[in-house]
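This briefing covers selected features of a single model. Please read it alongside the sequence and the structure shown below.

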Amino acid sequence: MKQGQATIYTDRMNRVFDKIDQHLDEDLSIDQLSDIAHFSRFHFQRQFSAYVGMSVTRYIQLLRLRRASYQLVFSEHRQIIDIGLEAGFENPESFSRAFKKRFGQTPSQFRDKPAWQPWNEQMQLPERDRRKAVEVDIIDFEETRIAVLEHHGSPDRILESVQIFIAWRKESALSPIATSRTFGIPYSDPNNTPAEQFQFDICGEASADIPANAQGVTTKRIPAGRCAKVRHIGSTDRIDESIYPLYRDWLPESGEELRDFPPFFHYLKRVPDVPEHEQITDIYLPLE
């Protein structure tokens with residue numbers, strides 16, 4: 001396929017992805033999606049399956065089950081039956097069967113003790129080609145004291161640590177979720193780091209040093225200094241779409257030098273408070 005044709009083809013599929021993301025609660029018919037892609041119904045289904053690795057119907061269900069998973073764990077006040085109905089299932093039984101078939105746990109089992117590693121293995125989102133230039137701002141970041149839970153090990157299990165940290169925040173009230181900023185600090189690229197060597201700091205802004213606690217939350221600081229800032233909108237599983245252009249395209253052309261501190265993320269809007277495609281994350285790249 002020629003480069004121009006490939007770009008047109010990618011743009012068509014991205015329009016379909018965007019339609020699904022933005023209208024996940026609606027009846028997304030094959031006819032409607034094939035019209036958006038400018039393919040015949042038959043050709044669209046074959047091309048989508050080849051591009052994504054699964055049928056469009058299965059892909060839509062995967063996204064609905066993905067959203068339901070977050071709601072089960074992070075929206076404890078919501079009834080399982082309501083989550084299932086919102087995911088497009090007619091009754092709790094059909095929701096439970098589909099969920100268990102996909103993840104090996106019923107919705108209630110997942111809510112009580114989610115097995116995040118097999119969940120992540122089942123929830124790999126297809127790659128998208130988003131070749132857009134990033135908009136970079138240079139800002140002065142003020143030193144910030146943070147409460148930190150260090151995650152060591154497979155990125156697939158990071159949500160286990162997130163749950164522990166959220167529980168600590170609620171219990172201690174030393175970094176209130178509603179009024180304190182939430183950060184993440186990756187110390188390496190999970191795509192090319194052995195799982196056992198991966199470290200990610202899960203962080204919440206704190207007004208005082210953190211006393212010893214059972215969860216192992218400690219005090220650290222994000223140092224003051226100049227940073228390049230890029231805003232990423234969408235799933236944090238796709239944050240590479242904004243990070244790689246920052247390193248690959250912007251940094252070599254900017255003449256800037258990196259400071260000896262890892263990049264860090266500020267999570268402004270996250271699931272389940274907003275749909276996954278509406279998440280907002282600011283990426284900071286520390287500069288000399």
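In which loop is Pro-272 found? Pro-272 is found in the loop between β7 and β8 (280–286). The model is predicted, and the values given here were computed from its atoms.

**Prolines and the β7–β8 loop**

- A cis peptide bond joins Val-271 to Pro-272, with omega at about 5°.
- The loop between β7 and β8 also holds Pro-275. This proline is partly exposed, because its relative accessible area is 38%, a value between the limits of 20% and 50%.
- Pro-275 is 94 residues from Arg-181 in sequence, and their C-alpha atoms are 19 Å apart in space.
- Pro-262 belongs to another segment, the loop between α10 and β7 (264–269). With a relative accessibility of 17%, Pro-262 counts as buried.
- The C-alpha atoms of Pro-262 and Glu-142 are 16 Å apart in space, while the two residues are 120 apart in sequence.

**Positive phi outside glycine**

- His-38 has a phi near 60°, which is a positive value in a residue other than glycine. His-38 sits in the loop between α2 (30–37) and α3 (41–52).
- The relative accessibility of His-38 is 55%, so this residue counts as exposed.
- Ala-173, likewise not a glycine, has a positive phi near 60°. Its place is in the loop between α9 (158–172) and β3 (182–186).
- Ala-173 is exposed, with a relative accessible area of 53%.

**Aromatic pairs and cluster**

- A search of the whole structure finds 25 aromatic pairs. One of them is formed by Phe-95 and Phe-99, whose ring centres are 5.8 Å apart and whose planes make an angle of 70°, an edge-to-face arrangement.
- Phe-95 and Phe-99 both belong to helix α6 (residues 92–103), and because they are four residues apart there, about one helical turn separates them.
- Phe-265 is buried at 7% relative accessible area, and Tyr-267 is buried at 13%.
- Tyr-267 has a further neighbour in Arg-270, which lies over the face of the tyrosine ring at 4.5 Å from the ring centre.
- One aromatic cluster is formed by Tyr-70, Phe-74, Phe-89, Phe-95, Phe-99, Phe-103, Phe-110, Trp-116 and Trp-119. The edge-to-face pair Phe-95 and Phe-99 is therefore part of this cluster.

**Cysteines**

- Across the whole structure, the search finds zero disulfides.
- Cys-203 is in no disulfide, and the nearest cysteine sulfur, that of Cys-227, is 14 Å away. A disulfide would need the two sulfur atoms within 2.5 Å.
- Cys-227 is likewise in no disulfide, and its nearest cysteine sulfur is that of Cys-203, 14 Å away.
- Cys-203 counts as buried, at 0% relative accessibility. Cys-227 also counts as buried, at 0% relative accessibility.

**The second largest pocket**

- The second largest pocket holds about 810 Å³ of space.
- Its lining is made up of 37 residues, and those nearest the centre of the pocket are Ile-233, Gly-234, Ser-235, Glu-276 and His-277.
- Elements that give two or more residues to this lining are α1 (3–22), α4 (56–74), β6 (225–233) and α10 (240–254).
- Helix α4 supplies the largest share of the lining, six residues.
- By class, 17 of the lining residues of the second largest pocket are charged, 13 are nonpolar and seven are polar.

How values were computed: Residues are numbered from 1 along each chain as its sequence is written. This is a predicted model: local features need pLDDT of at least 70, side-chain atom pairs count only at pLDDT 80 or more; totals for chains, interfaces and linings use all residues. Side-chain values use heavy atoms; hydrogens and water are left out. Rings of Phe, Tyr and Trp (its six-membered ring) pair if their centres lie within 6.5 Å; planes under 30 degrees apart count as stacked, over 60 as edge-to-face and the rest as tilted. Buried means under 20% relative accessible area, exposed over 50%, partly exposed in between (1.4 Å probe, protein chains only). A charge sits over a ring if NZ of Lys or CZ of Arg is within 6 Å of the ring centre and within 35 degrees of the ring normal. On a 1 Å grid over the protein atoms alone, a cavity is a set of points where a 1.4 Å probe fits but cannot get out, and a pocket is an open set with protein on both sides within 12 Å along at least five of seven lines; lining residues have an atom within 4 Å of a point. Grid points are joined across faces, edges and corners, and a volume is the space filled by probe spheres set on the points. Ala, Val, Leu, Ile, Met, Phe, Trp, Tyr, Cys and Pro count as nonpolar, Asp, Glu, Lys and Arg as charged, and the others, Gly among them, as polar.
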